[in-house]
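Subject: Handing over a structure, with notes

Dear colleague,

I am passing this structure on to you, together with some notes on what was found in it. Please have the sequence and the model open beside you as you read.

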Amino acid sequence: QAVFEATSRFYAGKTREAKELLITNPDRDPFVLMQTAALLRNTSDLENARKVIQFARESDPENAEINYQLAVLSIVGEPEQALELLRSIPENDRHFEVAEFLLRLIQSLDPNDPDVNWFVSIGQALSNIGEWDVALHAFQTATNLDPSFGFAWALTGEAEQRLGLDGEESL
């Protein structure tokens with residue numbers, strides 16, 4: 001019920017009200033929680049989307065879709081958790097190839113010592129698989145670490161444009 005009402009408010013331009021409904025939603029059904037997380041991602045609220053998916057995982061820890069989505073949302077801030085989750089994706093799952101791609105990339109970049117180039121590389125990989133909201137987060141992290149890194153700014157602008165934002169200031 002809350003997800004449908006929040007969806008309605010989101011499309012009516014009432015983003016703040018929609019987010020409050022979603023965050024306070026008492027429903028713990030994994031499907032409903034994943035729908036909630038998707039809506040939160042649409043409002044650029046990656047932190048709360050990640051928390052909601054963690055709730056879903058508590059109910060269904062072997063669910064490959066939940067583990068994949070949580071991994072994607074964890075890459076920038078908690079790459080070690082992302083590695084663990086990506087390793088759990090079974091070979092017969094639709095996300096397996098992408099999970100393997102991300103897994104190899106994270107391992108090759110040393111997740112224990114992320115720098116500007118680490119975040120740019122992760123952001124580029126995420127943009128290549130269509131995860132533009134998380135890619136934007138990675139690029140913004142890179143620009144925060146090194147505000148003079150023009151390439152990171154260009155990538156930030158592209159990600160913003162792909163998400164329907166202006167992006168011109170970043171470019």
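Before the findings, a word on the basis of the values. This is a predicted model, in which local features need pLDDT of at least 70 and side-chain atom pairs count only at pLDDT 80 or more, while totals for chains, interfaces and linings use all residues. Residues are numbered from 1 along each chain as its sequence is written, and side-chain values use heavy atoms, with hydrogens and water left out.

The overall fold

The protein has ten helices and zero strands, where helices (H or I, at least four residues) and strands (E, at least two) are DSSP runs numbered from the N terminus. Along its principal axes, the C-alpha trace spans about 45 × 40 × 25 Å. The radius of gyration of the protein is 16 Å, which agrees with the value near 16 Å that a compact globule of 171 residues would have; this radius is taken over C-alpha atoms, and the globule rule is 2.2 Å times the number of residues to the power 0.38. Of the 171 residues, 46% count as buried, a word that here means under 20% relative accessible area, with exposed meaning over 50% and partly exposed lying in between (1.4 Å probe, protein chains only). Among contacts (heavy atoms within 4.5 Å) between residues at least 6 apart in sequence, 44% join residues at least 24 apart.

Helix 9

Helix 9 has 14 residues and reaches 20 Å from its first C-alpha to its last, close to the 20 Å expected at 1.5 Å a residue, the expected span being 1.5 Å times one less than the number of residues. Ten of its 14 residues are buried, so helix 9 is largely enclosed by the rest of the structure. Among these buried residues are Trp 132, Asp 133, Val 134 and Phe 139, and what covers the buried residues of helix 9 includes helix 3 (30-42), helix 4, helix 5, helix 8 (116-128) and helix 10 (150-162).

Leu 136, which is found in helix 9, counts as buried at 9% relative accessibility. Leaving out residues up to four places away in sequence, Leu 136 touches Thr 156, Ala 159, Glu 160, Leu 163 and Leu 165, and its C-alpha atom is separated by 13 Å from that of Phe 151, 15 residues apart along the chain. Thr 141 also lies in helix 9 and, at 18% relative accessibility, counts as buried; with residues up to four places away again not counted, Thr 141 touches Val 76 and Phe 119.

The largest pocket

About 190 Å³ of space lies in the largest pocket. On a 1 Å grid over the protein atoms alone, a pocket is an open set of points where a 1.4 Å probe fits, with protein on both sides within 12 Å along at least five of seven lines, and lining residues have an atom within 4 Å of a point. Grid points are joined across faces, edges and corners, and the volume is the space filled by probe spheres set on the points.

Helix 4 (46-59), helix 5 (64-74) and helix 9 (132-145) each supply at least two residues of the lining, and the largest share, four residues, comes from helix 4. The lining residues include Leu 46, Arg 50, Leu 73, Val 76, Val 134 and His 137.

Other single residues

Ile 106, in helix 7 (residues 96-109), is buried, with a relative accessible area of 0%. Its contacts, leaving aside neighbours within four places in sequence, are with Ile 75, Pro 79, Ala 82, Leu 83, Leu 86, Pro 111 and Ile 122. The C-alpha atoms of Ile 106 and Ile 122, which are 16 residues apart along the chain, are separated by 7.5 Å.

Ser 44, in the loop between helix 3 and helix 4, is exposed, with a relative accessible area of 54%, and has a positive phi of about 65° although it is not a glycine. Thr 15, found in helix 2 (residues 15-23), counts as partly exposed at 29% relative accessibility.

With best wishes
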